[in-house]
Amino acid sequence: MTTVTDSEVLRDALGLLRDREEVAERLLASSAKHSFDPDKELDWDAPFEDGKWFWPPELLSLYDTPMWRKMSEDQRFELARHEAASLGSLGIWFEIILMQLLVRHIYDKPVTSKHVRYALTEIADECRHSMMFARVIQKGGSPTYPVPRLYHNLARVLKTVSTTPGSFAATLLGEEILDWMQRLTFPDERVQTLMRGVTRIHVVEEARHVRYAREELRRQMVTAPAWERELTRVSCGEAARVFSTCFVNPKVYENVGLDRREAVAQVKASGHRREVMQSGAKRLTDFLDDIGVLRGVGRRLWQSSGLLA
């Protein structure tokens with residue numbers, strides 16, 4: 001593998017890549033201006049408001065299905081509360097994985113570099129986000145919804161063997177689709193004030209994380225050897241399949257009094273749901289396509305996940 005220094009000029013299909021230290025310096029400046037402490041920023045003592053959603057109804061998995069049309073309004077509100085808890089649980093799982101991958105990424109990097117300092121800043125952000133999600137799940141009164149044990153344990157393997165480009169591709173998968181949904185949530189006055197506050201904080205801080213991951217993935221796809229780029233394509237596609245499978249825990253349906261098997265079948269058959277998920281993933285899939293990640297087996301895995309048409 002050719003050694004590439006940070007000062008070397010690199011280019012990909014999207015143009016010139018910025019110097020790592022320059023990117024990190026800007027992200028650190030933004031972090032200094034726009035970082036939040038959820039414990040102080042949000043009013044955790046305020047009661048939830050009657051008649052407000054925990055998640056926009058159009059983003060719920062069963063929206064506009066035959067089952068949705070038969071549900072009472074109260075049952076729809078309950079579904080929103082439990083799906084929000086499921087998404088929060090998924091978010092915590094992803095962020096714990098991400099923190100470990102970031103630590104691995106910087107392990108051999110110069111500890112005084114801005115690139116490493118920003119990675120540590122992002123880890124601190126993710127710690128606060130995970131605690132924030134856990135607190136809002138607990139306040140909402142829903143159970144946590146861990147991913148199936150199989151995927152929980154497969155993630156142990158990922159954290160051990162993931163290549164650097166694979167780590168950043170998985171990072172973007174976990175961040176960008178939820179970010180798209182949260183950008184629709186925080187300005188929505190139909191949604192609980194606390195949920196809007198949680199999503200606003202997450203959107204602002206995740207924008208920096210996405211920038212960091214995109215810049216580094218571009219760099220890695222230019223400098224990594226061919227075998228590593230191909231492995232990244234396959235692992236990213238498999239991660240997309242797992243992510244779409246785990247997006248809403250099926251126990252949600254049981255807990256709001258619905259037939260689990262029928263609910264899962266209707267979600268899979270829902271054109272609206274497919275459009276929502278593909279719309280949420282489009283900005284990411286366009287980017288991955290541009291930099292050469294969506295090719296071959298990896299592309300087919302993305303298509304089987306339902307996130308790519």
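What you see is a predicted model, in which local features need pLDDT of at least 70 and side-chain atom pairs count only at pLDDT 80 or more, while totals for chains, interfaces and linings use all residues. Residues are numbered from 1 along each chain as its sequence is written, and side-chain values use heavy atoms, with hydrogens and water left out.

Let's start with the holes. Rolling a probe the size of a water molecule over the atoms shows where empty space is left. A cavity here is a set of points, on a 1 Å grid over the protein atoms alone, where a 1.4 Å probe fits but cannot get out, and its lining residues have an atom within 4 Å of a point. A volume is the space filled by probe spheres set on the points, which are joined across faces, edges and corners. Three cavities of 30 Å³ or more turn up.

The largest cavity has a volume of about 200 Å³. It has 18 lining residues, and the closest to its centre are Ala-84, Leu-87, Gly-88, Val-136 and Met-195. Helix α4 gives the largest share of this lining, six residues (helices are DSSP runs of H or I, at least four residues, numbered from the N terminus). The lining splits into 11 nonpolar, six polar and one charged. Here Ala, Val, Leu, Ile, Met, Phe, Trp, Tyr, Cys and Pro count as nonpolar, Asp, Glu, Lys and Arg as charged, and the others, Gly among them, as polar.

The second largest cavity holds about 80 Å³ of space. Its lining divides into four nonpolar, one polar and six charged residues, and α8 supplies the largest share, four residues.

Back in α4, have a look at Ser-86. Ser-86 counts as buried because its relative accessible area is 1% (buried means under 20%, exposed over 50%, partly exposed in between, with a 1.4 Å probe and protein chains only). Beyond its neighbours within four places in sequence, Ser-86 is in contact (heavy atoms within 4.5 Å) with Tyr-145, Phe-247, Val-248, Asn-249 and Val-252.

Now for the rings. Rings of Phe, Tyr and Trp (its six-membered ring) pair if their centres lie within 6.5 Å; planes under 30 degrees apart are stacked, over 60 edge-to-face and the rest tilted. There are nine aromatic pairs. Phe-48 and Phe-54 have ring centres 4.7 Å apart and planes at 55°, so this pair is tilted. Phe-48 is partly exposed at 24%, whereas Phe-54 is buried at 10%.

Key:
1 Å grid on protein atoms, 1.4 Å probe; cavity = no way out; pocket = protein on both sides within 12 Å on 5 of 7 lines; lining within 4 Å. Helix = DSSP H or I, 4+ residues; strand = E, 2+ residues; numbered from the N terminus.
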